[in-house]
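The entries follow the order in which I took up each topic.

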Amino acid sequence: MGSLAFEKPIPLLSFVLFVVLFSSPNIASSSVEEANALFQWKSTLQRIPKPMQSTWYLLPHKSTNSSSNQNTSVSPCTWFGVSCNSERSVNRLNLSQSNVKGTLYDLSFKSFPNLEYIDLYINEFFGTIPLQIGSLPKLIYLVLASNNFIGIIPPEICLLSSLEVLNLSQNQLNGSIPRDIGRLKSLKDLALFTNNLEGPIPSSIFNLSNLAYLYLYKNKLSGTIPLEIGNLTNLVKINLGENFLFGSIPSSFGNFCNLTWLNLFSNQLTGSIPTELGNLKLLKSLTLSRNNLSGSIPKELGNMESLVHMCLGTNKLSGSIPPTFGNLTNLKILYLRENQLSGPIPQQLGKLELAKLQINHNRLSGYFPEHICNGGKLQNLSVADNNFVGPIPKSLRNCSSLTRVRLERNQFTGNISDVFGVYPNLQLMYLSDNKLYGHLPNSWSKCRKLTDLQIARNNITGGIPLEFGTSNLVVLDISSNNLVGEIPKEFGKLKHMWKLFLSDNQLFGNIPQELGSLTELSALDLSKNRLSGPIPTNLSNCLHLFNLSLSDNNLSQDIPVEMTKLFQLSSLDLSGNSLTGEIPSQIRSL
């Protein structure tokens with residue numbers, strides 16, 4: 001009798017739950033266990049979306065459609081984000097982009113023997129990935145990307161022998177890639193990018209003969225790329241960029257007959273570009289930029305007939321641009337900037353219908369190909385900091401697709417009015433430090449998206465077009481030319497003007513009062529002209545002015561005391577004028 005006194009009575013609610021779960025012959029015991037496991041996990045989550053709240057029930061509850069009808073099913077197969085196989089056992093859990101917040105600590109993975117698919121993409125899951133995740137024998141698809149998981153990748157993941165897709169990208173995982181990852185023989189897609197993984201790429205990864213997609217970029221991986229990577233002959237895309245990999249690019253990359261995407265951007269790779277890359281007939285994108293690659297560009301790269309995007313910039317490549325690049329008839333983007341390339345641009349490049357060409361900061365010389373805007377699709381042209389001579393290609397005049405043009409610091413010649421047309425999408429044009437002449441075209445005011453125009457240190461003559469005052473310019477640098485006339489009052493309409501450089505010309509007249517309307521102006525340089533009259537008092541309205549130079553003009557009268565309102569001013573040069581009176585005390589302290 002005494003022992004019975006310590007027995008706890010079964011609560012009525014638990015008894016009802018037991019009857020509901022086990023009295024129905026239509027519900028398999030595995031489904032009951034799965035429902036219990038999911039319901040228990042739900043109770044630990046910090047944020048639960050409404051569809052999950054309204055469907056993840058165990059106990060009977062009234063249907064929203066009828067007050068007389070009650071849903072007494074305990075099967076989770078109709079729950080939000082849950083799917084089942086023909087035997088009503090859970091095989092898919094898809095809560096991607098569901099705004100869930102919580103951990104996986106209380107999810108009983110062993111309760112789901114038939115689970116094949118887990119997708120928790122873009123939520124706010126945090127904490128570590130539980131070791132128990134390795135107890136899902138049928139799992140094919142595991143995506144935990146774009147969450148806040150921390151800690152290491154549990155080695156137990158390597159027990160998921162049926163896994164075909166593993167995506168743990170865009171988390172805060174650290175440590176190394178599990179060395180036994182090569183045991184996932186069925187793996188086709190491995191994405192671990194944008195984490196803090198370090199150490200070498202495990203050699204076992206090169207045993208994954210079915211692997212088609214390998215994304216390890218934006219980590220802290222180090223070491224060399226082994227020659228054995230060539231064993232992954234089914235690769236379609238590989239991105240190892242933004243790591244600390246060093247050594248040479250293995251010649252075995254030429255084995256990837258199915259490869260369409262190769263990215264080794266921003267590592268510490270050295271040596272030459274393997275000629276074997278020319279074997280990649282299906283390759284569409286090649287990015288080797290921001291490394292320390294040296295030597296010449298292999299002419300064999302001209303054999304990559306499917307190539308659309310080639311980026312070899314910011315290396316130490318030398319020699320000339322191979323004429324075989326003219327064979328790349330599908331090429332739209334060519335980036336060779338910041339190397340040590342020399343010689344002329346092959347005329348064969350004029351046959352291509354390029355959209356973007358960046359070859360700035362090299363040692364290229366000679367004449368520029370006349371038909372560089374072949375097909376009328378060129379948008380971005382950057383050839384700055386080379387030694388090009390001769391006229392700017394006339395094909396640019398009607399190249400209405402242009403958005404960015406950088407030709408500065410060369411020796412281009414030609415009449416600026418004849419060479420350039422009206423470009424409806426042009427945003428930026430840099431022509432400084434050339435040998436251009438002629439008058440500034442009035443028509444440039446029709447380039448309504450043009451915000452940054454720099455033509456300093458040329459031989460431009462004539463006046464500043466009044467129409468510039470109706471443009472949308474934010475930066476204008478036409479200094480060190482031979483411009484004459486007055487500064488247009490219309491400049492006061494350029495409300496978003498940030499930098500205005502008109503120095504070292506032959507401008508005369510007063511400084512327009514209207515410049516005081518440029519309240520976003522940070523730098524104004526009108527030095528070395530023939531300007532006269534007083535300094536406008538309303539320049540004090542330009543409260544964001546950081547640099548102001550009015551030196552070497554014929555300005556007179558006192559320095560306006562209102563200038564002391566320019567609290568952000570760090571550089572002020574009024575020398576070489578005929579100013580009188582005292583210097584305001586606040587200005588002396590600059």
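**Entry 1: basis and confidence.** I noted that this is a predicted model, in which local features need pLDDT of at least 70 and side-chain atom pairs count only at pLDDT 80 or more, while totals for chains, interfaces and linings use all residues. Residues are numbered from 1 along each chain as its sequence is written, and side-chain values use heavy atoms, with hydrogens and water left out. I looked up pLDDT, the predictor's confidence in each residue from 0 to 100: the mean for the protein is 91, and 92% of its residues reach 70 or more. Over residues 1-27 the pLDDT is below 50, and this stretch has 14 contacts beyond near neighbours in sequence (contact means heavy atoms within 4.5 Å). Residues 61-73 also have pLDDT below 50, with 11 such contacts in the model. Where pLDDT is low, the predicted coordinates should not be read in detail.

**Entry 2: aromatic pairs.** I found that the structure holds 14 aromatic pairs. Rings of Phe, Tyr and Trp (its six-membered ring) pair if their centres lie within 6.5 Å; planes under 30 degrees apart count as stacked, over 60 as edge-to-face and the rest as tilted. The pair of F368 and F388 is edge-to-face, because the ring centres are 5.2 Å apart and the planes stand at 90 degrees. F368 lies in the loop between β27 (363-366) and β28 (380-382) and F388 in strand β29 (residues 387-391), so this pair ties together parts that are 20 residues apart in sequence. Strands (E, at least two residues) and helices (H or I, at least four) are DSSP runs, numbered from the N terminus.

F388 and F412 form a stacked pair, because their ring centres are 6.0 Å apart and their planes are at 20 degrees. This pair links distant parts of the chain, with F412 in strand β31 (residues 411-415), 24 residues from F388. I checked burial (buried means under 20% relative accessible area, exposed over 50%, partly exposed in between, with a 1.4 Å probe and protein chains only). F368 and F388 are buried, and F412 is buried as well. Elsewhere, ring pairs link W41, W56, W79, F125 and F149 into a cluster.

**Entry 3: charges over rings.** A charge sits over a ring if NZ of Lys or CZ of Arg is within 6 Å of the ring centre and within 35 degrees of the ring normal. K42 lies over the face of Y57, at 5.4 Å from the ring centre. The charged end of R337 is placed over the ring of Y335, 5.1 Å from its centre.

**Entry 4: S432.** Is S432 buried or exposed? At 5% relative accessibility, S432 counts as buried. I located S432 in the loop between β32 (428-430) and β33 (435-439). Beyond neighbours within four places in sequence, the contacts of S432 include E408, R409 and Q454.

**Entry 5: an open sheet.** I traced four strands in the order β5-β7-β9-β11, an open sheet with parallel pairing. Two strands pair if DSSP finds at least two bridges between them. β5 (101-102) and β11 (172-173) stand at the edges with a single partner strand each, so one side of each is left without a neighbour in the sheet.

**Entry 6: positive phi.** Q170, a residue other than glycine, has a positive phi near 55 degrees. Q170 is partly exposed, with a relative accessible area of 35%. For K528, also not glycine, phi is positive and near 60 degrees.
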